[in-house]
Amino acid sequence: WCALFLLAMALMQGRMLGDAVAEMRRDFWELLRGKYGFSLPFVAFIYGAVPARFQVAGFSLLALVFTIILSLWASARPGTLASEEAPT
């Protein structure tokens, strides 16, 4: 769903579909590595140390924190491609 997030964010920011796809290709692997690097240790912890009745709450908390981090990442990254930058 990393690709879907990048595509949807670019389209909601008013970019054309071709530019959105180019941004998705540019940022996909960075986002995927970050997602795995953040979530996999917590998933292992939740399955290994959290009682079964609290695992849904643990995953919900993980999803909330990851969504906040994802939103911060999306707002901090450069939103334009080199072809869209204003001439100097």
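Select Val65 to begin: its relative accessibility is 32%, so the residue counts as partly exposed. Val65 is part of helix H3. The model is a predicted one.

Now colour the chain by pLDDT. The mean for the chain is 81, and 86% of the residues reach 70 or more. Helix H3, residues 55-76, has the highest confidence, at a mean of 88, while helix H1, residues 2-12, has the lowest, at 78. Over residues 80-84 the pLDDT is below 50, and this stretch has 10 contacts in the model beyond near neighbours in sequence.

Next, go to the largest nonpolar core, which has 14 residues. Select Phe5, Leu6, Leu31, Leu70 and Trp73, the residues with the most contacts inside this core. Helices H1, H2 (17-49) and H3 each supply at least two of the core's residues.

Stay on Trp73 and show what surrounds it. Setting aside residues up to four places away in sequence, Trp73 touches Phe5, Leu6, Asp27, Glu30 and Leu31.

Is Asp27 buried or exposed? Its relative accessibility is 6%; buried means under 20%, so Asp27 counts as buried. Apart from neighbours within four places in sequence, Asp27 is in contact with Leu6, Trp73 and Arg77.

Last, draw a distance between the C-alpha atoms of Asp27 and Ala3. The two residues are 24 residues apart along the chain, and these atoms are separated by 8.8 Å.

Notes: Residues are numbered from 1 along each chain as its sequence is written. This is a predicted model: local features need pLDDT of at least 70, side-chain atom pairs count only at pLDDT 80 or more; totals for chains, interfaces and linings use all residues. Side-chain values use heavy atoms; hydrogens and water are left out. pLDDT is the predictor's confidence in each residue, from 0 to 100. Helices (H or I, at least four residues) and strands (E, at least two) are DSSP runs, numbered from the N terminus. Contact means heavy atoms within 4.5 Å. A nonpolar core is a set of buried Ala, Val, Leu, Ile, Met, Phe, Trp, Tyr and Cys residues joined through side-chain atoms within 4.5 Å. Buried means under 20% relative accessible area, exposed over 50%, partly exposed in between (1.4 Å probe, protein chains only).
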